[in-house]
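Walk through this fold one element at a time.

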Amino acid sequence: ACFNGFMPLIREFSVSGHRSPAISRSPRSFEVWSEFFRYDSSVPDTARCSPGSEPEGCGIPLPFRIGIIEMPISLPLDSSLLFIGRTADELFSIWTRKLDWLEHHGALAVLVLHCESHLFLRDDLLSRYRDFLDALRRREAFWIAPLAEIAAHVESHPDLWAAIPSP
């Protein structure tokens, strides 16, 4: 597999999770990733991956197993919203409405940020992101933690998994 050359780095830095570039994936991808990682987060829950694309989500914002623990991306991608011209205020309004829904349903909130200067590393976005994180910290329903920690927790608590029928 293509990851074999990266195994020394994966081990050195204790990398336990994976997210595919441009969230590209196939059924075979999950099999390969499960050989190297504890979890993956390359599947959105219901979002479109890019403007004009077909919906590519799994349909559920809860962890599930598909050869690997999948931690679905449940907040719309920053890049997708910025590419269609959303302002900082609109982006955070969309995320806040989705957080309200996730909180109401006891679901997983997973956010992906692209830290490139032409995307998220802009003063207007960083300022609003600080406000967003402050508001999130005030919500008692959410546990803010790295995905590796959340994946380890759900792995040991099967009652937290989404009920996904086997194919």
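Which exposed residues does the face of α5 turned away from its buried side carry? They are Asp123, Arg130 and Arg137. Exposed means over 50% relative accessible area, buried under 20%, and partly exposed in between, with a 1.4 Å probe and protein chains only.

This is a predicted model: local features need pLDDT of at least 70, side-chain atom pairs count only at pLDDT 80 or more, and totals for chains, interfaces and linings use all residues. Residues are numbered from 1 along each chain as its sequence is written, and side-chain values use heavy atoms, with hydrogens and water left out.

Now the whole chain. The protein chain has six helices and four strands. Helices (H or I, at least four residues) and strands (E, at least two) are DSSP runs, numbered from the N terminus. Their order from the N terminus on is α-β-α-β-β-β-α-α-α-α. The protein chain has 167 residues, and 40% of them count as buried. Its accessible surface comes to about 9700 Å², with 55% belonging to carbon and sulfur atoms. Accessible areas come from the Shrake-Rupley method with a 1.4 Å probe; for residues, only the protein chains shown count as cover. Contact means heavy atoms within 4.5 Å. Among contacts between residues at least 6 apart in sequence, 61% join residues at least 24 apart.

Return to α5. This helix covers residues 123-137, 15 residues in total. From first C-alpha to last, α5 reaches 21 Å, close to the 21 Å expected at 1.5 Å a residue. That expected span is 1.5 Å times one less than the number of residues. Its buried residues include Leu125, Tyr129, Phe132 and Leu136. Seen down the axis, the buried residues of α5 fall within an arc of 60°, so they line one face of the helix. The arc is that of the directions from the helix axis to the C-beta atoms. The spacing has a simple basis: an α-helix has 3.6 residues a turn, so residues three or four places apart point the same way. The cover over the buried residues of α5 includes α3 (78-83) and α4 (88-105).

Phenylalanine 120 lies in the loop between α4 and α5. Phenylalanine 120 is buried, at a relative accessible area of 1%. Leaving aside neighbours within four places in sequence, its contacts include Leu125 and Tyr129 of the residues that follow, along with Asp78, Leu82, Leu91, Phe92 and Trp95.

Four strands form an open sheet with mixed pairing, in the order β1-β2-β4-β3. The edge strands, β1 (17-18) and β3 (64-65), each pair on one side only. Two strands pair if DSSP finds at least two bridges between them. β3 and β4 (residues 69-70) run antiparallel and are joined by two bridges. In β4, glutamate 70 is the bridge partner of phenylalanine 64.

Helix α6 (residues 147-155) belongs with this region. Leu147, Ile150, Ala151 and Val154 are buried in α6. Down the axis of α6, its buried residues fall within an arc of 100°, so they line one face of the helix. β2 and β4 are among the elements that cover them.

Methionine 71 sits in the loop between β4 and α3. At 0% relative accessibility, methionine 71 is buried. Beyond neighbours within four places in sequence, methionine 71 contacts Leu147, Ile150, Ala151 and Val154, among others. Tyr39 is also one of its contacts. The C-alpha atoms of methionine 71 and tyrosine 39 are separated by 7.0 Å, though the two are 32 residues apart along the chain.

Two loop residues remain. Aspartate 45 is in the loop between β2 (39-40) and β3. Aspartate 45 is buried, with a relative accessible area of 2%. Its side chain makes a polar contact of 2.8 Å with that of lysine 98. A polar contact is a pair of N or O atoms within 3.5 Å; within protein, one must be able to donate a hydrogen and the other to accept it, and residues adjacent in sequence count only if both atoms are side-chain atoms.

Serine 14 lies in the loop between α1 (7-12) and β1. Serine 14 is exposed, at 59% relative accessibility. Its phi is positive, about 50°, although serine 14 is not a glycine. Most residues other than glycine have a negative phi.
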